[in-house]
Each structure stands twice: as C-alpha cells, then as structure tokens.
Amino acid sequence: MDLRPELLPPPVAPARLAELAREIERIEDRLRRGEPAAAEIAAFNEATGHAYGVHDFTEYHDRRTLTEFAKEAARPAHPRVADITRAELAEIVRRIQAADHETDHYLLVLESSVSDPNAADLIFGPSAPEDPDEIATRILAHRPIAL
C-alpha cells in the first residue's frame with residue numbers, strides 16, 4: 001500500500017544533512033574536551049525543533065551513525081498525523097515489522113499519531129500479534145481515560 005506524503009519520511013537535502021552533521025560533531029567535540037556547550041545545544045534544538053541533551057551528542061554512536069542522527073534532527077520531532085486510517089496504520093506496522101530502513105521515522109509517526117502510549121509494545125512485546133491488521137485494530141481501539 002502506498003502511504004500519503006505526510007506519513008512518509010520527509011526528504012532531507014544533502015546540504016542540510018551535512019550542515020547538521022558538522023554542528024553535531026562540533027558540539028560533540030566541545031563536550032569531549034570538557035567545554036561548556038549548553039548554548040550550542042540550545043541553539044541546535046531551537047533550529048531543529050528537538051530537545052536533545054548532552055547525552056545525545058556524546059553517546060549517539062551507540063545506536064546510530066552521524067548521518068542517521070543528522071537526518072533525525074532535520075525531520076520533525078513529532079510527526080503527528082491526526083486522521084490516520086486503520087489501513088495506513090497497518091501499513092506502518094508492516095514497515096516497522098520488516099525493519100524498513102526508515103523504521104525510526106515510522107515509529108515516531110506511530111507514537112505521535114495514536115493515543116495508545118503502548119502502541120509499540122503491540123509490535124515488539126513478547127505476546128505481540130504478528131498480523132499488522134490486528135495490531136492496527138488494537139491500537140485504534142485504545143481510548144484514553146479522562147481525568
């Protein structure tokens with residue numbers, strides 16, 4: 001199934017990717033030398049709309065490459081799509097299950113677009129169903145409790 005453009009990972013211009021990668025490395029270098037970088041991190045967060053902290057710049061190598069970090073920073077932090085359909089949600093689940101090269105983006109869309117705070121557990125949990133359609137149905141069945 002094809003997904004609407006707002007559900008797909010937005011493209012990032014190579015120049016923007018390079019610019020963010022340079023800034024990430026610059027901040028990382030300052031932190032590794034023990035220099036303060038709070039102002040630089042705040043400016044980076046302001047420019048990207050994210051809320052990264054010191055740990056994100058010093059430990060990103062543990063789970064992603066510099067390019068992946070820069071790509072994440074270039075994209076919206078919370079890509080919410082309010083009117084996501086069951087079929088679209090099932091397709092997103094399929095792509096996550098297939099370990100698509102854009103899995104991180106699809107997880108962000110999932111977590112930002114549905115009210116179920118445990119939606120990812122329905123995909124990765126030990127008793128998770130395998131059928132993407134069933135997972136989508138369960139995710140959409142969640143109703144938040146009004147306080």
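The legends below describe close-up views of a predicted model.

**View 1. The largest pocket and its lining.**
The largest pocket has a volume of about 470 Å³. Its lining is made up of 20 residues, and those nearest the pocket centre are Glu68, Glu72, Asp104, His105 and Leu108. By residue class, the lining holds 10 charged, 5 polar and 5 nonpolar residues. Helix 4 (66–74) and helix 6 (103–113) each contribute at least two lining residues. Helix 6 supplies the largest share of the lining, 6 residues.

**View 2. The largest nonpolar core.**
This core contains 21 residues, and Leu7, Leu89, Ile92, Ile96, Leu110 and Ile139 have the most contacts inside it. At least two of the core residues come from each of helix 5 (86–97), helix 6, helix 7 (121–124) and helix 8 (132–141). With 5 residues, helix 5 gives the most to the core. A second, separate core has 16 residues, among them Leu31, Phe57, Leu66 and Ala73.

**View 3. Surroundings of Leu7.**
Leu7 is one of the residues with the most contacts inside the largest nonpolar core. Leaving aside residues up to four places away in sequence, Leu7 touches Val81, Ile84, Glu88, Ile92, His105, Tyr106 and Val109. Of these neighbours, Ile92 is also listed among the core residues with the most contacts, and His105 is among the residues nearest the centre of the largest pocket.

**View 4. The two sides of helix 2.**
Within helix 2 (residues 38–48), the buried residues include Glu40, Ile41, Phe44, Asn45 and Thr48. These residues lie on the same side of helix 2, because they cover an arc of only 135° around the axis. Residues three or four places apart in an α-helix point the same way, because there are 3.6 residues a turn. The other side of helix 2 carries the exposed residues Ala38, Ala39, Glu46 and Ala47. The buried residues of helix 2 pack against helix 1 (14–32), helix 3 (54–58) and helix 4.

**View 5. Arg75 in its loop.**
Arg75 is found in the loop between helix 4 and helix 5. Arg75 has a relative accessibility of 10% and therefore counts as buried, the limit being under 20%. Not counting residues up to four places away in sequence, Arg75 touches Pro9, Pro10, Val12, His50, Glu102 and His105. His105 is also touched by Leu7.

Notes: Residues numbered from 1 in each chain as written. Predicted model: local features only at pLDDT ≥ 70, side-chain atom pairs only at ≥ 80, totals over all residues. Heavy atoms only, no water. 1 Å grid on protein atoms, 1.4 Å probe; cavity = no way out; pocket = protein on both sides within 12 Å on 5 of 7 lines; lining within 4 Å. Points joined across faces, edges and corners; volume = space filled by probe spheres on them. Helix = DSSP H or I, 4+ residues; strand = E, 2+ residues; numbered from the N terminus. Nonpolar A, V, L, I, M, F, W, Y, C, P; charged D, E, K, R; others polar. Core = buried A, V, L, I, M, F, W, Y, C linked by side-chain atoms within 4.5 Å. Buried < 20%, exposed > 50% of the residue type's maximum accessible area, 1.4 Å probe, protein only. Contact = heavy atoms within 4.5 Å. Arc of directions from axis to C-beta.
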